[in-house]
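Take a look at the chain below.

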Amino acid sequence: MPDRPDECPADPPAQALPEQRHRLVSDQDVEDADDVLFAHPPRVVRRWLCECGVDYPCADVRFALLVKSSAEAGE
Ligand SMILES: [Zn+2]
C-alpha cells in the first residue's frame with residue numbers, strides 16, 4: 001500500500017453557495033411549502049371503538065362474525 005496521508009483534499013469549499021447562506025429558505029421554498037400544505041390538508045378520521053376498548057371490530061367480534069357467517073353459509 002502506498003504511503004498516503006489520510007486527509008482528503010476533495011472537501012467542498014466552505015464558501016459554496018454564498019447567496020443561500022443569508023436566508024434559511026428561499027421564496028421558492030416557501031411557495032413549495034404552501035403547495036404541500038394545500039395538497040395535504042388534515043383529515044378527520046372517525047374510528048370505531050369497541051366497548052372493550054380497542055378498535056372495532058376487536059378480535060372477539062371478528063371471531064364472532066366469522067362464526068356467524070360460517071353458520072349462515074352452512075344453512
Ligand atoms: Zn371488543
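The paragraphs below go from the whole chain to its parts.

This is a predicted model. The chain's secondary structure consists of two helices and zero strands. Across its 75 residues, buried ones make up 0%. Buried here requires 20 or more other C-beta atoms within 10 Å of a residue's own.

Begin with helix H1, residues 27–39. At 1.5 Å a residue, its 13 residues should span 18 Å. The end C-alpha atoms of H1 are 18 Å apart, so expectation and model agree. H1 is hardly covered, with a buried count of zero among its 13 residues.

Next comes the loop between H1 and H2, where Pro57 lies. What kind of peptide bond joins Tyr56 and Pro57? The bond is cis, with omega about 0°. Most peptide bonds are trans.

Helix H2 covers 59–74. From first C-alpha to last, its 16 residues reach 22 Å, close to the 22 Å expected. The number buried in H2 is zero, so this helix lies largely in the open.

Definitions and conventions. Residues numbered from 1 in each chain as written. Predicted model: local features only at pLDDT ≥ 70, side-chain atom pairs only at ≥ 80, totals over all residues. Helix = DSSP H or I, 4+ residues; strand = E, 2+ residues; numbered from the N terminus. Expected span 1.5 Å × (residues − 1). Buried ≥ 20, exposed ≤ 12 C-beta atoms within 10 Å, placed from the backbone.
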